[in-house]
Amino acid sequence: MDIGLAIPCVCNLETGNIDLSTKGAWKDINVINLIKKEIDIPVYFDNDANCATIASIYLGELKDVKNGLFVTIGTGIGSGIVI
């Protein structure tokens with residue numbers, strides 16, 4: 001079992017830090033270490049637009065396309081490009 005998080009933020013995937021969230025509430029927080037203090041299973045996270053793009057490739061509108069663009073509008077505006 002793993003934990004996967006889609007967070008509207010600027011992510012540093014190498015360090016596990018949220019460098020800045022879209023609302024500015026979270027900054028310089030290591031989300032992986034924070035969760036692993038409570039539960040010892042693998043934790044993965046990425047920007048919510050990146051996660052939505054990947055999900056769309058496997059399950060949605062981008063499933064059978066060679067090139068595509070996925071745009072999210074919510075807490076901010078984000079996008080993912082598939083080439």
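This is a predicted model: local features need pLDDT of at least 70, side-chain atom pairs count only at pLDDT 80 or more; totals for chains, interfaces and linings use all residues.
View 1. Residues are numbered from 1 along each chain as its sequence is written, and side-chain values use heavy atoms, with hydrogens and water left out. Asn-47 belongs to strand S5 (residues 43-47); strands (E, at least two residues) and helices (H or I, at least four) are DSSP runs numbered from the N terminus. Leaving aside neighbours within four places in sequence, Asn-47 is in contact with Ile-7, Cys-9 and Cys-11, contact meaning heavy atoms within 4.5 Å. The side chain of Asn-47 also reaches the backbone oxygen of Cys-9 at 2.8 Å.

View 2. Helix H2 (residues 48-59) has twelve residues and reaches 16 Å from its first C-alpha to its last, close to the 16 Å expected at 1.5 Å a residue, where the expected span is 1.5 Å times one less than the number of residues. Within H2, Ala-49, Thr-53 and Ser-56 are buried. They lie on the same side of H2 because they cover an arc of only 65 degrees around the axis, as given by the directions from the helix axis to the C-beta atoms. The buried residues of H2 pack against S5, strand S6 (68-73) and strand S7 (77-82), whereas the face turned away from the buried side carries the exposed residues Tyr-58 and Leu-59.

**View 3. Cysteines without a disulfide.** The structure holds zero disulfides, a disulfide being a pair of cysteine sulfur atoms within 2.5 Å. For Cys-11, which is in no disulfide, the nearest cysteine sulfur is that of Cys-9, 3.1 Å away. Cys-51 is likewise in no disulfide, and the nearest cysteine sulfur, that of Cys-11, is 7.7 Å away.

**View 4. The open sheet S2-S3-S4.** Three strands form an open sheet in the order S2-S3-S4 with antiparallel pairing, two strands being paired if DSSP finds at least two bridges between them. Strand S2 (9-12) and strand S4 (29-30) stand at the edges, each with a single partner strand, so one side of each is left without a neighbour in the sheet.

Note on methods: A polar contact is a pair of N or O atoms within 3.5 Å; within protein, one must be able to donate a hydrogen and the other to accept it, and residues adjacent in sequence count only if both atoms are side-chain atoms. Buried means under 20% relative accessible area, exposed over 50%, partly exposed in between (1.4 Å probe, protein chains only).
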